[in-house]
Amino acid sequence: MTTVRQRRVGKGAEAAEDQPSEETNVKPDGKTLPGHTGGKLWNILSVTVGGIVAISLGLLTSVYVATLHENDLWFSNIKEVEREISFRTECGLYYSYYKEMIQAASIQQGLHGLVYDNKTESVRTINILERMNVYQEVFLSILYRILPIQQYLEPVYFYIYTLFGLQAVYVIALYVTSWLLSGTWLSGLLAACWYITNRVDTTRVEFTIPLRENWALPFFAVQVAAITYLLRTHLQPVQERLTLLAVFLATFLFSLTWQFNQFMMLIQALALFILDCFDLLPTAKVTWLYVIQLSALLLVCVLQFFNSMILGSLLISFNASVLIARTIQKNLKKGGLLNRLGKLLLHVLLVLCLTLLINKFIKKILTLESDEHIFKFLKAKFGFGATRDFDANLYLCEEAFGLLPLNTFSRLSDTLLFYIYIFVLFLLAVAAVIVAFRNLSGSNQVQSMEKMEECTVTLKPDAAYSLVHTVLFGCLALSTMRMKYLWTSHMCVFASFGLCSTEVWKLILKCLHIYTSQRTQVIKYSIPIMTLLYISYKFWPGIMDELSELREFYDPDTVELMNWIKSNTPNTAVFAGSMQLLAGVKLCTGRTLTNHPHYEDKNLRERTKQIYQIYAKRAPEEVHSILRSFGTDYVILEDSICYERRHSRGCRLRDLLDRANGHIMDGVGENEPDLKPSLYPRFCEEIKKNLPSYTVHFTRVFQNKTFHVYKLAKHK
């Protein structure tokens, strides 16, 4: 098992800097500046200072996570094999394709090896560019080959520094989004500080560097920032076109770099749909965003050789259904309250039915089954019947796919983030309900402009989008812990915007009947500054201690295994074992695998279940036959899986296999009535006894405290 251990070596407060509002020479609180020239200079100064602070914070974040990574592993001092082992599970698999492209004789040969790959899955030739989102590795490897940096920078450092550099883009995008929403860069500063001080819950880039989400989330943050700007009123046509282009590019890059892009964008499309139904967003801009999502995803689909998971995605079906339903129901936004509610209900039902019909039709015509494991998992997770399905239970038993732990909220509360977030969320949710009711009732059409300006409760389109975005992604995070990073980062933006927003404080003070413009301005700046001072006082010493703590990578058993494989097995050898370990085997040794952690393929899922019979109660000749059917030469058994204690009974890998095979589980506890005792002992335990029935098929060739490697006999 991998561990980290202690090394054995010595060891401004700003003025009222409002962002330029949409009307020239007007502050966000509505007061005109003394003169045109003075206002312009003030805006230029504000934007310049705010931009410098944004870039500085982004770069500091990159340096911070890079330093943590170095301090935790002593990455600069460990061997290459140890560096590669540190890229765990699917991270190692993705990085292996970057390594292949770097080591290829030419770029063309490297690309050919990815398109016609026969080492990732034995006895099969697959197209890696179609199956996996690895265009970023391809691009980065080509960039490394053509830039004159080979003598100064190792390939692995070029790779990890790029990922750490994307963290700068991520923080800057969050900063800008908060600035756009509130009108002051103080809000962006607070959002960035919250992101850094809540690092445990906002990112995991420093220890899962090649993970797809670490590539994708910075582009998603850029897309949200561009959407926030797009939803402002009074944009010039040129500004709108450029912003739409920025949204498209960010959406495209986000979709290209993460296989779960379609599910995240589906949630975003649902947010747009809800807001459009209640007239909280301009319909024309919502339509553009639907089209951009579809265009970006279809372009990615083409680049991934018409990936079946994309073609059968709910996002394509949903967006197409919304556009069709809107064409059918042309007078959707006319009439009184009851009339509008009736039309709205019919519209929702029509969109839902069309989505299901279109999706079913596409999957039927193209016989798509790539994502069926996700729907099985969701069905079981939300209580729509128990299942013995191995793939669904594999997800259900992983902590990352469970509910968000309660201690997350205590950590977020320590920085005051969660308290302020809930406060702002409540206020804006109430405002949204009032505005939506007013829109549906048609009262906004009756009121004069003067009365509308005096109305206490308003909600700008960009704030409305941010509200629904955070609610929907919050629901996703609460249900699935792995997705919390999409929510917590936006939580920083949303809370800081609310704390620095003139509109929010104006609403509060008017409700308390103590509103004045001066009082609003004082509160708008003083409370965020006090919050920043509190965060700095409480967390700066901890950050300094964290940066001074030095550890080193330590996993001698895995290093020994990888070195043995490279030295004692032929380059063409085929290895079977756990998905997580085999990704490392491919990266460190270049040997052929039987299975791997990229689980979005039905054939691979069935193959993995068969390979995992090495941890089930099966006869040795059956296991040998299964392994040889995939061309296996060597099988690696791990004690940490065979004698697993990390999960409780019912969630250990051996328990999942027993239930799927209809066998009674080990240990004290209840079993389902129809489960029966197996006729054979557990394979991974019994093979170590060197009984004749096992040695005739398997010969042990390597052993240490963690791993046992057996060579398979090649019977005719």
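Colleague: Is aspartate 658 buried or exposed?

Modeller: Aspartate 658 is buried, because its relative accessible area is 0%. The model is a predicted one. Under 20% relative accessible area, a residue counts as buried.

Colleague: Which helix holds aspartate 658?

Modeller: Helix H32 holds aspartate 658.

Colleague: Which residues does aspartate 658 touch, leaving out those up to four places away in sequence?

Modeller: With those left out, aspartate 658 touches Lys617, His663, Ile664, Met665, Asp666 and Arg682.

Colleague: What is the N to O distance between glutamate 100 and lysine 586?

Modeller: Glutamate 100 and lysine 586 meet through their side chains at 2.4 Å, N to O.

Colleague: Why does glutamate 100 count as partly exposed? And is lysine 586 buried or exposed?

Modeller: Glutamate 100 has a relative accessible area of 27%, so it counts as partly exposed. Lysine 586 has 5%, so lysine 586 is buried.

Colleague: Which residue pairs with lysine 484 in a salt bridge?

Modeller: The partner of lysine 484 is aspartate 201, with N to O at 2.8 Å. Lysine 484 is in helix H24 (residues 484–499) and aspartate 201 is in helix H9 (residues 199–202), so this pair ties together parts 283 residues apart in sequence. Both residues, lysine 484 and aspartate 201, are buried.

Colleague: Which residue forms a salt bridge with arginine 652?

Modeller: Aspartate 655 does, and the closest N and O atoms are 2.6 Å apart. Arginine 652 counts as buried because its relative accessibility is 10%. Aspartate 655 is at 0%, so aspartate 655 is buried too.

Colleague: Which residues do salt bridges with shared partners join into one network?

Modeller: Asp276, Asp279, Arg326, Lys333 and Arg340 are joined that way.

Colleague: Now the cysteines. What makes two of them a disulfide, and how many disulfides are there?

Modeller: Two cysteine sulfur atoms must lie within 2.5 Å. The structure has two such links.

Colleague: Which cysteine is joined to cysteine 397?

Modeller: Cysteine 651 is, with 2.1 Å from S to S. The angle about the S-S bond is -75 degrees, and this link is left-handed. The pair connects distant parts of the chain, 254 residues apart. Cysteine 397 is in the loop between helix H18 (390–396) and helix H19 (407–414). Cysteine 651 is in the loop between helix H31 (639–642) and helix H32 (653–661).

Colleague: How do I read their exposure? What are the relative accessible areas of cysteine 397 and cysteine 651?

Modeller: Cysteine 397 is at 12%, so cysteine 397 is buried. Cysteine 651 is at 23%, so cysteine 651 is partly exposed.

Colleague: What is the distance between the sulfur atoms of cysteine 642 and cysteine 684?

Modeller: Those sulfur atoms are 2.0 Å apart, in a disulfide. The torsion about the S-S bond is about 80 degrees, so this disulfide is right-handed. Cysteine 642 is in helix H31 and cysteine 684 in helix H33 (residues 683–686), so the link ties together parts 42 residues apart in sequence. Cysteine 642 and cysteine 684 are both buried.

Colleague: What is the pairing when the bonded cysteines are numbered in sequence order?

Modeller: The pairing is 1-3, 2-4. Cysteine 193 takes part in no disulfide. Its nearest cysteine sulfur belongs to cysteine 492, 10 Å away.

Colleague: Last, the surface. Which residues form a nonpolar patch there?

Modeller: Val238, Leu242, Leu245 and Leu249 do, and together they have about 370 Å² of accessible area. Take leucine 242, in helix H11 (residues 237–257). Leucine 242 is exposed, because its relative accessible area is 55%.

How values were computed. Residues numbered from 1 in each chain as written. Predicted model: local features only at pLDDT ≥ 70, side-chain atom pairs only at ≥ 80, totals over all residues. Heavy atoms only, no water. Patch = residues over 30% accessible without salt bridge, like charges linked within 9 Å, V, L, I, M, F, W, Y side chains within 5 Å. Areas by Shrake-Rupley, 256 points an atom, 1.4 Å probe, with all protein chains shown as cover. Salt bridge = Lys/Arg side-chain N within 4 Å of Asp/Glu carboxyl O. Helix = DSSP H or I, 4+ residues; strand = E, 2+ residues; numbered from the N terminus. Buried < 20%, exposed > 50% of the residue type's maximum accessible area, 1.4 Å probe, protein only. Contact = heavy atoms within 4.5 Å.
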